[in-house]
Amino acid sequence: MDFVSVIIPVFNDTQRLRTCLTALDNQTYPQHLYEVIVVDNNSDEPIDAVVAEFEHVIYAFEAKQSSYAARNTGIAMAKGKILAFTDSDCTPCEQWLESGVNALCLGQADLAGGSVTFSFSPQRTAAELFDSITSLQVKKNIENRQLTVTANLFAHRTVFDAIGYFDSSLKSGGDFKWTKKATDSGFKLIYAPDAEISHPTRHFRSLVKKGYRVGAGQLDLQLDQNIALWAVIRHSIRQMLPPNPWRYRQFILDSENDEARQHIPSILFIAWICNIAKSLGRFNALGKRLGNQTKVSLQGQH
């Protein structure tokens, strides 16, 4: 059995981090065959104090506020042949490590994305239902796009040795960018349904913030895929228009979520606001990129 390094970036999330580390302390995978590295991403909360509660957890610090910079710090420290990634707000099941490692071995794969279930507040709001049917769609992304997220990812170290680490300049979308680079380079990515984590659903304000952050990250991914700039701008403008109600209604019906079906108008409105946030994030990132290019061009003329 291979030694595994679990890497968790964290920023001001002590309560949920403690829950995550407790779950990792009770894995079916032999404890002497894995380590857990928590990378404090310049938090205001005492992350080191939480880590100190767990004997087998290693504390690290990364000042640059990017979860991908924090993950890179963890990778550089890691001893494992297999690197496993999750987030501080995620709770892995007891078989998470065992199932993820087995999926890599049995599937003769280089990378594996595990499944994500969602936990709800007692209110089970329309925003939470929207999040549960649109976010972290691991199986769909692996099968249709050959990419996945770092909320639940297993990868052989040899992949990082071959293609490099995450893009630390990004605050969102770096996991999509890196896993797509891996599959484009010929590495095999599979879905591992038994390597399951639980993730809390987001409320409306958090969804809007996430939409803005994701939009900014999508710009780099789109341009890296050689999508024309005019096409990105056109898509961003169209995304600010209300979504097609009949198409989105069908999407909700296809999700087979009975509760979501009862909140179609509210979910449609939330989808629209989140799409606007994505477009604004993309336009902001585009403005910064063009501004930097202009600055470099002017400096070159002097």
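In the predicted model, eight strands form an open sheet with mixed pairing, and their order across the sheet is E3-E2-E1-E4-E7-E6-E8-E5. The edges of this sheet are taken by strand E3 (57–61) and strand E5 (91–92), each of which has a single partner strand, so that one side of each is left without a neighbour in the sheet. Helix H1 (residues 14–24) packs on the sheet, where it touches E1, E2, E3, strand E4 (82–86), E5 and strand E8 (189–200). The direction of helix H1 makes about 170° with that of E1. Strand E1 (residues 4–10) is itself joined to strand E2 (residues 34–40) by 7 bridges, and these two strands run parallel. Within this pairing, Val10 has Asp40 in E2 as its bridge partner.

Side chains of opposite charge can pair when their charged atoms come close. The structure holds 9 salt bridges, among them one between Glu53 and Arg18, in which the closest N and O atoms are 2.9 Å apart. This pair links distant parts of the chain, since Glu53 lies in the loop between helix H2 (47–51) and E3, whereas Arg18 lies in helix H1, 35 residues apart. Glu53 counts as partly exposed at 46% relative accessibility, and Arg18 also counts as partly exposed, at 32%.

Another salt bridge is formed by Arg124 and Glu259, with the closest N and O atoms 2.6 Å apart. Here too distant parts of the chain are linked, with Arg124 placed in the loop between strand E6 (111–119) and helix H5 (126–134) and Glu259 in helix H12 (residues 258–261), 135 residues apart. Arg124 is partly exposed, its relative accessible area being 32%, while Glu259, at 28% relative accessibility, is likewise counted as partly exposed.

A further salt bridge brings together the side chains of Arg202 and Asp131, at 3.5 Å from N to O. Because Arg202 is found in the loop between E8 and helix H9 (204–224) and Asp131 in helix H5, the pair ties together parts that are 71 residues apart in sequence. Both Arg202 and Asp131 are buried.

With regard to the cysteines, a search of the whole structure finds 0 disulfides. The sulfur of Cys93 has its closest cysteine sulfur in Cys20, at 12 Å, which is too far for a bond. Cys274 is likewise in no disulfide, and the nearest cysteine sulfur, that of Cys90, is 19 Å away. Cys274 is buried, because its relative accessible area of 4% falls under the 20% limit used for that class.

Helix H8 (residues 174–184) is mostly covered, as 8 of its 11 residues are buried. The buried residues in H8 are Gly174, Asp175, Phe176, Trp178, Thr179, Lys180, Ala182 and Thr183. Just after this helix, Gly186 takes a positive phi of about 100°.

Leu268 has its place in helix H13 (residues 264–300). This residue is partly exposed, because its relative accessible area of 22% lies between the limits of 20% for buried and 50% for exposed. When neighbours within four places in sequence are left aside, Leu268 is in contact with Pro243, Pro245 and Tyr248. The C-alpha atoms of Leu268 and Arg249 are separated by 7.9 Å, although these two residues are 19 residues apart along the chain.

How values were computed: Residues numbered from 1 in each chain as written. Predicted model: local features only at pLDDT ≥ 70, side-chain atom pairs only at ≥ 80, totals over all residues. Heavy atoms only, no water. Buried < 20%, exposed > 50% of the residue type's maximum accessible area, 1.4 Å probe, protein only. Helix = DSSP H or I, 4+ residues; strand = E, 2+ residues; numbered from the N terminus. Contact = heavy atoms within 4.5 Å. Pairing = 2+ DSSP bridges. Axes fitted to C-alpha atoms, helices over the stretch in contact; angles between N-to-C directions. Disulfide = S-S within 2.5 Å. Salt bridge = Lys/Arg side-chain N within 4 Å of Asp/Glu carboxyl O.
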